Amino acid sequence: METKLFKIDEIEQAASLLGQGELIAFPTETVYGLGASALDESAVKQVYAVKGRPSDNPLIVHVSDFEMVKNYVSEFPAQTEALVKHFWPGPLTLIFKVKPQTFSKTVTGGLKTVAFRMPKNSKTIELIKKAGVPLVGPSANTSGKPSPTTAQHVYHDLNGKIAGILDDGATQIGVESTVLDLTVADGVPVILRPGAVTKEQLEQVIGKVKIDQHLISENEAPKAPGMKYKHYSPDVPVWIIEGGLDVFSKAIDWANKNNRRVGIFADDLIIAKTATKVEATFSFSQNSVEAATKALFAGLRTLDEKPIDVIFAQSFPENGLGIAYMNRLKKAANQKIIKNDSIFE
Ligand code: TXA
Ligand code: MG
C-alpha cells in the first residue's frame with residue numbers, strides 16, 4: 001500500500017477512506033494521531049498491528065464535540081461541564097465510565113472506562129464530523145519511538161502501512177495531552193499523564209486534583225496502562241543535563257576524552273558555546289520550556305539519525321509545562337540525569 005500525503009484541503013477523501021475501514025493519520029495541537037473509526041473492530045485491531053502496540057494499552061477516542069461523548073457515557077461526574085467548557089477543544093483527555101456494549105474491548109483495553117478528547121485542530125474536527133463517527137487516535141508512531149510532531153515523522157514510521165496522512169505542518173505543543181481520570185471513588189480527579197494542561201490550571205477550574213503517585217515515585221504501578229511502557233526512546237542513549245552551560249561543558253569534555261561522539265539538544269546559547277566540541281546539534285532557539293517541548297520529539301528523532309554515541313539534552317524545572325517535558329525526557333533517558341557533582345561513567 002502506498003501511503004498518501006493529503007493536503008489539508010483534501011478532507012473529504014480522507015474521511016471517506018476512514019468510512020471504508022482505512023487508517024488515516026491526523027494532526028492535532030499535541031502530536032499526530034493514528035485515526036480509525038472507533039466503531040470498526042477490524043480497523044481498530046489494525047491500529048494496534050501497525051503501531052506494534054501492546055493490546056492492554058487502551059486508546060483515546062477523539063470526538064468533534066461533547067455531544068458525541070453522550071452516546072457512550074451515561075453518567076458524568078460533577079466536574080465534567082466546567083472542564084469541557086474551559087479546556088475543550090484542547091490538550092485534555094477525560095476518562096469516564098463507559099456505557100456497556102458500546103466500545104469493544106479492543107478500544108478500552110478491557111477496562112470499564114474510556115478516554116475522550118476533542119483536539120484543537122479545525123481540520124481534524126472537520127474530518128471527524130465528515131467521518132460521522134468518533135476516531136481512535138493513539139500517537140501515530142511505531143510503539144516505543146518518539147511521538148510524531150510532523151507528517152514526515154508519521155511517514156517515516158508508517159509509510160506503506162496506512163492509507164494516508166493529513167498534513168498540517170508541525171504541531172504546536174509537542175507532547176501528548178494531559179490524561180485526567182474522573183472515575184475515582186473519592187471524587188478527586190487524578191492526572192495519569194502530565195501534558196500542557198497543568199494541575200494548577202485544572203485546580204483553578206474544578207478545585208482539588210491529584211497527580212498519580214507513580215509520576216512522582218517510579219516504584220508504583222501506573223494507572224494509565226500506557227505509562228508503564230518505555231516510551232519515546234531513540235536508539236542512541238539520552239542523558240539529561242541539569243545545571244546549564246557549565247554541566248554541558250563538563251559532560252562534553254568527559255565524552256571527548258572517552259571517545260564518545262556527542263549530539264546536543266539545547267537552546268541557542270548553549271549550542272553557540274559548545275558546537276565546536278560536538279558532532280551534532282539540535283537547537284530549540286530560546287531558553288523556554290514551551291520551545292523545548294515543541295522541539296523535543298523532532299530533536300530526538302533527528303539526533304538519532306546522526307553518527308553519535310550519546311545525546312545530551314537540556315533539563316527544565318519541574319513545574320507547569322516542565323512537568324510534562326521532564327516526564328517525556330526522563331523516559332527517553334531511562335532516568336539518567338547528569339548534575340554538577342555527577343561522577344561520569
Ligand atoms: O495528545 C494525545 O493525547 C495524542 C493525540 C494524537 O491526541 N494521543 C495519544 O494517544 O497520546 P495514546 O494512545 O498514545 O495515549 C493514550 C494514553 C495511554 O497512556 C493510555 O494508557 C491512556 O491514555 N488511557 C487510555 N484510555 C485509558 C483508560 N480508560 N484508563 C486509563 N488510561 C487510559
Ligand atoms: Mg503514544
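Reader: In what order do the strands of the open sheet of 11 strands stand?
Author: A strand here is a DSSP run of E with at least two residues, while a helix is a run of H or I with at least four, both numbered from the N terminus. Two strands pair if DSSP finds at least two bridges between them. In this sheet the pairing is mixed, and the order is β1-β8-β2-β3-β7-β4-β6-β5-β9-β10-β11.

Reader: What kind of model is this, and how are its parts numbered?
Author: Residues are numbered from 1 along each chain as its sequence is written, and chains are lettered from A and ligands numbered from 1 in the order in which they are written. Local features need pLDDT of at least 70, side-chain atom pairs count only at pLDDT 80 or more, and totals for chains, interfaces and linings use all residues, since the model is predicted.

Reader: Which strands are the edges of that sheet?
Author: An edge strand pairs on one side only. Here the edge strands are β1 (4-6) and β11 (210-211).

Reader: Which residue is the bridge partner of Ile-191 in β11?
Author: Strand β10 (residues 190-193) and β11 pair in the parallel sense. Two bridges make up that pairing. In β11, the partner of Ile-191 is Ile-211.

Reader: Are the residues of strand β9 buried or exposed?
Author: A residue is buried if 20 or more other C-beta atoms, placed from the backbone, lie within 10 Å of its own, exposed if 12 or fewer, and partly exposed in between. Thr-178 and Leu-180 point one way from β9 (residues 178-181). Val-179 and Asp-181 point the other way. All of them are buried.

Reader: How many other C-beta atoms lie within 10 Å of Ile-60?
Author: Ile-60 is in strand β4 (residues 60-62). Ile-60 counts as buried because the number of other C-beta atoms within 10 Å is 26.

Reader: What distance separates the C-alpha atoms of Ile-60 and Ala-115?
Author: Two residues are in contact if their C-beta atoms, placed from the backbone, lie within 7 Å. Leaving out residues up to four places away in sequence, Ile-60 touches Thr-93, Ala-115, Arg-117, Gly-137 and Pro-138. Ile-60 and Ala-115 are 55 residues apart along the chain, yet their C-alpha atoms are separated by 4.9 Å.

Reader: Within what arc do the buried residues of helix α2 fall?
Author: The buried residues of α2 (residues 41-51) are Ala-43, Val-44, Val-47 and Lys-51. They line one face of the helix, because seen down its axis (by the directions from the axis to the C-beta atoms) they fall within an arc of 100°.

Reader: Which residues are exposed on the face of α2 turned away from its buried side?
Author: The cover over the buried residues of α2 includes β3 (33-37), α5 (105-108) and β7 (135-136). After α2 comes Gly-52, with a positive phi near 70°. The face turned away carries the exposed Ser-42 and Ala-49.

Reader: How many residues of domain 2 are in contact with domain 1?
Author: The domain assignment, automatic or from a database, gives domain 1 (4-226) and domain 2 (238-338). Their centres, taken over C-alpha atoms, are 28 Å apart. Contact involves 14 residues of domain 1, and in domain 2 the number is 15.

Reader: How many charged residues are on the side of domain 1 that touches domain 2?
Author: Ala, Val, Leu, Ile, Met, Phe, Trp, Tyr, Cys and Pro count as nonpolar, Asp, Glu, Lys and Arg as charged, and the others, Gly among them, as polar. That side has six nonpolar and eight polar residues. The charged number is: no charged residues.

Reader: In what order do the five strands of the other open sheet stand?
Author: The pairing is parallel. β14 (280-283) and β16 are the edge strands. β13 and β14 pair over four bridges, and Phe-265 has Phe-282 as its bridge partner in β14. The order is β14-β13-β15-β12-β16.

Reader: Within what arc do the buried residues of α10 fall?
Author: α10 (residues 245-257) has 13 residues and reaches 18 Å from first C-alpha to last, close to the expected 18 Å, which is 1.5 Å times one less than the number of residues. Its buried residues are Val-247, Phe-248, Ala-251, Ile-252 and Ala-255. They line one face of α10, because down the axis they fall within an arc of 130°.

Reader: Which residues are exposed on the other side of α10?
Author: Cover for the buried residues of α10 includes β12 (238-241), β13 (262-266), α11 (268-274), β15 (310-314) and β16 (337-338). On the other side, the exposed residues are Asp-246 and Lys-257.
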